[in-house]
Amino acid sequence: MKLHRRYLTSVSGIVMRELLRFVHQRERFLAALVRPLLWLIVFAAGFRAALGLAIIPPYQTYISYEVYIVPGLIGMIQLFNGMQSSLSMVYDQEMGSMRVLLTAPLPRWYLLLCKLLAGVLVSLMQIATFLVMARIVGIDFAYTGSLAALPVMLLSGIMLGSLGLLISSVVRQLENFAGVMNFVIFPMFFMSSALYPIWKMRESSEWLARVCELNPFTHAIEAIRFAFYGQLNILSMSILVVCTLLFFGIACWSYDPARSFRAGRTAPA
Amino acid sequence: MPHSPPDKSTALDIRDLGFDYRAKAALDGFTLSMEAGELVILLGPNGAGKTTLFSLICGLFAPARGTIRINGFSLANRTDALAPLGVVFQAQTLDLDLSVQQNLQYFCALHGLPRAAARSRIDNALKRMDLHTRAHEKVRTLNGGHRRRVEIIRATLHEPSVLLLDEPTVGLDIPTRAELLEYVRELPQTQGCAVLWATHLIDEIRNTDRIAMLHAGNKHHDGVAQQLLADNQCADLPALMRSLNEAASNITSEGSKPQPGTSA
């Protein structure tokens, strides 16, 4: 079997499998969609009166709060999706299928990348549906920028998936989704520019604003936000690229299939 | 860096293999060599190290000591070493939400089989295993025996040189076990692959089978069952297994390490 063909067929096979699983698991799709829609329709509607937004780049005019948080909610979809799928790659929910994947005759980094990529493509479908729903409920967002934002969302998805893989591989205590949600997802989400601009955060707390600026999730959201408006945020894009490479590299290095056995749940005979 | 030309005469070559769990040796000094077309029964009680050995051979775990070569390729060269390897894991590894055909196609894609060739091989294999009418059913709807058949089909679709089966008949009824065993026993002749069948069930062994016996992470015996019967003056296989297990327990508890690859 030619090696280059194996690289191509395996990536298409892994993506196809993930899409088929996605189609078969409608409840997973609905759950992923309900969360950001609730934030958009309920939270943002209540919050818009409390938060006045000044005109900041990339916006050129006054925008409503609902419009502001759309990129943040796109990031939220990717954050939940990335953490969830990465956690299942390390722990035994998917251990069986991970064994089949990891015994394929290809470099491990490539197989993990394909798996992350497949997860990101699923999250992009969720995002597309979310944007359609946002349009239906009348949110005046820059929908025409979707194509320009696509490569950025692909990159941010891989960064968040890699981060999830890295955290799940390294931090032994985070072995269920509740732990990841409390100690990773919520802090990353709330300490970012997803829900409020950093200048607004700075009005309340300088150090929190600093933390927000250091959070790679902030830069993922900002890169997405600017891309939707056809602009390139060079700082955020650079941080996004560096973090993606860094997190993916460390995640591959630290990923150990023997770990779920060592955790004592399925000790090998 | 270029790899040295592989010696393909030996399908599977394991030397002085060792692996530790929490600083305790789960496998130590394991050596086994298998030729193409050979069937070896890896016999050992639960906890003997069979699954650890399989995880090492298929590259899931990294060995602490020793070497593994498949078709002459060291496992350090994953793309060449794992290409001719087929594995049936002890635990369930099929995707229950996908159909039989989708599961098999996924595996073919991982091994670089073109779509048309994959489809033809899948159709033929499903017919041979009498599963062709269920190709489009979700795996979730299949019983345990049928799922195992699908896993065996999957492990052989790429025509491997080495096939590993980790207790594939556990939990199955007797007729299904016999049927699967019969099918796998034919593979060394029909496909020419070396088959390593791990089990703790004595009734799966024939007198003419080569047995490698694993006990507490060490290989204690390696030979044809008939010869082991004669050497140990045992009337039948259950008596032989009792005798070998006792001998292995004594050696292990005395702390003296047996020489790998030797018969009792």
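Visitor: How many bridges are there between strand β1 and β2 of chain B, and in which sense do they pair?
Guide: In this predicted model, β1(B), residues 10-21, and β2(B) pair in the antiparallel sense over 8 bridges. Strands here are DSSP E runs of at least two residues and helices are H or I runs of at least four, numbered from the N terminus; two strands pair if DSSP finds at least two bridges between them.

Visitor: What is the bridge partner of Leu12(B) in β2(B)?
Guide: Met34(B) is the bridge partner of Leu12(B).

Visitor: What strand order does that sheet have?
Guide: The order is β2-β1-β4-β5 in chain B, an open sheet of 4 strands with antiparallel pairing.

Visitor: Why is one side of β2 and of β5 left without a neighbour?
Guide: β2 (24-35) and β5 (73-74) of chain B stand at the edges and each has a single partner strand, so one side of each has no neighbour in the sheet.

Visitor: Which strands does α1(B) lie across?
Guide: α1(B) lies across β1, β2 and β4 (65-70) of chain B, at about 65° to β2(B). Axes are lines fitted to C-alpha atoms, for helices over the stretch in contact, with angles from 0 to 180 degrees between N-to-C directions.

Visitor: What stands opposite Ile41(B) in β8(B)?
Guide: Trp197(B) does; β3(B) and β8(B), residues 194-199, pair in the parallel sense over 5 bridges. In β9(B), the bridge partner of Ile41(B) is Ile211(B).

Visitor: And the interface: how many residues of chain B are in contact with chain A?
Guide: 32 residues of chain B are in contact with 30 of chain A, contact being C-beta atoms, placed from the backbone, within 7 Å. The largest share on the chain B side, 5 residues, comes from α3(B).

Visitor: How many helices and strands are in chain A?
Guide: Chain A has 12 helices and 0 strands. Of its 269 residues, 44% count as buried.

Technical notes:
Residues numbered from 1 in each chain as written. Chains lettered and ligands numbered in written order. Predicted model: local features only at pLDDT ≥ 70, side-chain atom pairs only at ≥ 80, totals over all residues. Contact = placed C-beta atoms within 7 Å. Buried ≥ 20, exposed ≤ 12 C-beta atoms within 10 Å, placed from the backbone.
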